[in-house]
Structure formats: C-alpha cells, structure tokens
Amino acid sequence: MNGIHELLERWNPAEREQLAVATLLSARGHSYRKQGAVMLFGPNGPVAGSLSPGCMEADLAGHAALVLEEGTASTVTYDMSSEEDPLWGETSFCGGSVSVLLEPLEGHLKDALLQLKYWLSQGLATEMIRIFDNRGRVQAYRLNLQGGTSRRFGSVIRSFWTWSTLYFPRPRLILFGAGPDSRPVAELAGRAGFHVIASDWRDIAEDVAAAACERVNAPLSSILNEAGLRPGDRILLMSHQYRQDREILEQLIPLPVRYIGILGSKTRVARLLEGLADLPDPRIHGPVGLPIGAAGPEQIAISIVGELIQDRSLEMAELAAAKTAPNEQMTGRGRS
C-alpha cells in the first residue's frame, strides 16, 4: 500500500485547507516506501501518510511549508545511504536514496485527485501520469483507465518526460458472519489496507459494524447480491453455522472471487466442501490463516490477516509478471 487511500480519505476539498502532496518519485537501495508512495502535509506538518520511519518527515515538513507559502512545487532529494552521515546514515537506520516531489494541492492536481478518488471508489484501477516540461515542472496530469478512457488536467506545450503511477482500489474483504469474534479481523484488516464489508443475515455486532467500511444485513438468499461481489474479492466465512456456510459456498464456488477463507477445523472444512469443488482449488483457504499456532480471537485474526497480506503480495507479483502494475506504486518513469 502506498498511502493514496489514506490521503484521499483524509482530504476534504470542501474545507479549503492549505495542503501539499508529497510523492516519492524514485527510491534507490533500501527504502521504507516504494516509488509512488504519497503523503499529505499541512502548514504545521504531516497530515496523513508516511514516506519513512521518521528519517525525513520533519525536514520534509519544512519544505512543504515553503511550497505552500510560495505556491510552487519543489523536488527534494535525500541520500540516506552513507553510514558516515549522522543525519541520514546508520544512526537513523534508514539507508537508500529517495527523491520526493512536493506540490500544492490545488488547481489541476486537485481536479485530477478528485477524479482519481471517484474512479477508485467505483473499483477502477487508474493510471496517473505527470507530464513535465524541460524545467522539471509538472505541466499537466492525465488519468487513464483500462479500455481507453482518459482524462487530462492541464495543457501540454511540449512533453519532455513523464512519470506514471497505477493506483488500485482497496482490496475488498467480505466477512460472512459478523459476530463479536469478527471484530479483531475487521479492525486489523482495515488497518492493513483492506476495504472491509461486514455481512450477516443476523444482527451485526455493533463493534464489528464500527470497524467495517460497509455493512450488509440481508437474508441469506440475497446477501451476496447485496454485497455487490466483484472479481478479485476476498471472502471470509466465519458465521459458525454449518448450513449457512454451506449455502454461501454453493453460491461462491462458481464465481470469480480471488480468495475464500473458511474458519474451522480441517474436518469441518472438508465436510463443507464435500461435493462442491474440484480440489485442490487455490482460492480456498481452509482452515484459514497462517499456521502460527494462534489461539483466541486476536491471534487468529493476526494469522488470517497475515494470510490475506500474503495473498495480496502474490496477486501483485502475478500482475508484475504479466507486465501490469505491481501494486499501488509507480509503474514506470520514462521520457516521451
């Protein structure tokens, strides 16, 4: 994850705050974040996101304040690879070299981010391209969707080089079964960057509802339709009701979901799947969770979310191998 969702969720255009967007243009050697990571600054310091474990945010805040005061973008480079440098070297446990673009969140950038926010909310992966002039200034922004839809914000006199990032919607996790033991999963998955949807045909526990991004309370026969399943969704079955879990599985198996996690013992999982799927099915994870010897709701949640993160990383590696974007990070930089 690169912080774009945190930035877009924190930013409220109606408030007319003075804000600057920091974007990691390049990273060489070890770096805390990868190319394309973003962060939001106000006049008094960081507002959302992070680009390092604390090595450079204070200094960046000073540059951001100047960018906001002058109303012009700036690029800052940090070389944290030297062990002899007490500020950026071994003392701060960072390492690597990074370049950060700071831009006032206004004008064409504001318009582009509003459109990006809308497209991501619709589940659409979006490529964002910055078009630079010969003095290294951003002339315009272009947003591209797969299939050819494109929007440009700003005018281009002559493009000297471009820099692009492909942003993905938050990966969705649908919890089928929203009882009290779902709360740690919802909380931890949300903090790990997943868009959590709590669904149940029974009452949804208040603390689970508070931890989830969305709630679906509907009859068993229509609950998946109400959740609005998308290709690539991840589903976690934890209703503790055999008949209901079996009924949901009958609906899920033919659908192009990415991940089906089943809570319970090996015996229970085998009974649930009997006659439903051609095994092994790589989408099915049961018993769900990494084998870390977890006990109790909190530890089990850690094992489950760890497996979800592992699966997300595998998905990104598959996309990279297919020469698509590896994740919500920079996909390329080149001259045009």
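In the protein chain, 49% of the 336 residues are buried, where buried means under 20% relative accessible area, exposed means over 50%, and partly exposed lies in between (1.4 Å probe, protein chains only). The model is a predicted one, in which local features need pLDDT of at least 70 and side-chain atom pairs count only at pLDDT 80 or more, while totals for chains, interfaces and linings use all residues. Residues are numbered from 1 along each chain as its sequence is written, and side-chain values use heavy atoms, with hydrogens and water left out.

The secondary structure of the protein chain consists of nine helices and 16 strands. Both are DSSP runs numbered from the N terminus, helices (H or I) having at least four residues and strands (E) at least two. Contact means heavy atoms within 4.5 Å. Of the contacts in the protein chain between residues at least 6 apart in sequence, 60% join residues at least 24 apart.

Five strands form an open sheet in the order E3-E2-E1-E5-E4, with antiparallel pairing. Strand E3 (45-49) and strand E4 (74-79) stand at the edges; each has a single partner strand, so one side of each is left without a neighbour in the sheet. On average, neighbouring strands of this sheet are turned by 30 degrees against each other, direction ignored. For such angles, axes are lines fitted to C-alpha atoms, for helices over the stretch in contact, and angles run from 0 to 180 degrees between N-to-C directions.

Strand E1 (residues 20-28) is mostly covered, since eight of its nine residues are buried. Two strands count as paired if DSSP finds at least two bridges between them. E1 pairs in the antiparallel sense with strand E5 (residues 97-104) over eight bridges, and Ala 20 stands opposite Pro 104 in E5. With strand E2 (residues 38-42), E1 pairs in the antiparallel sense over four bridges; here Val 21 stands opposite Leu 40 in E2. E4 and E5 also run antiparallel, joined by six bridges, and Val 76 has Val 100 in E5 as its bridge partner.

Elsewhere in the chain, Leu 276 lies in the loop between helix H8 (266-273) and strand E15 (284-285). Leu 276 has a relative accessible area of 22%, and is therefore partly exposed. Apart from its neighbours within four places in sequence, Leu 276 is in contact with Arg 246, Leu 249, Glu 250 and Ile 253. Ile 253 is 23 residues from Leu 276 along the chain, and their C-alpha atoms are separated by 7.4 Å.
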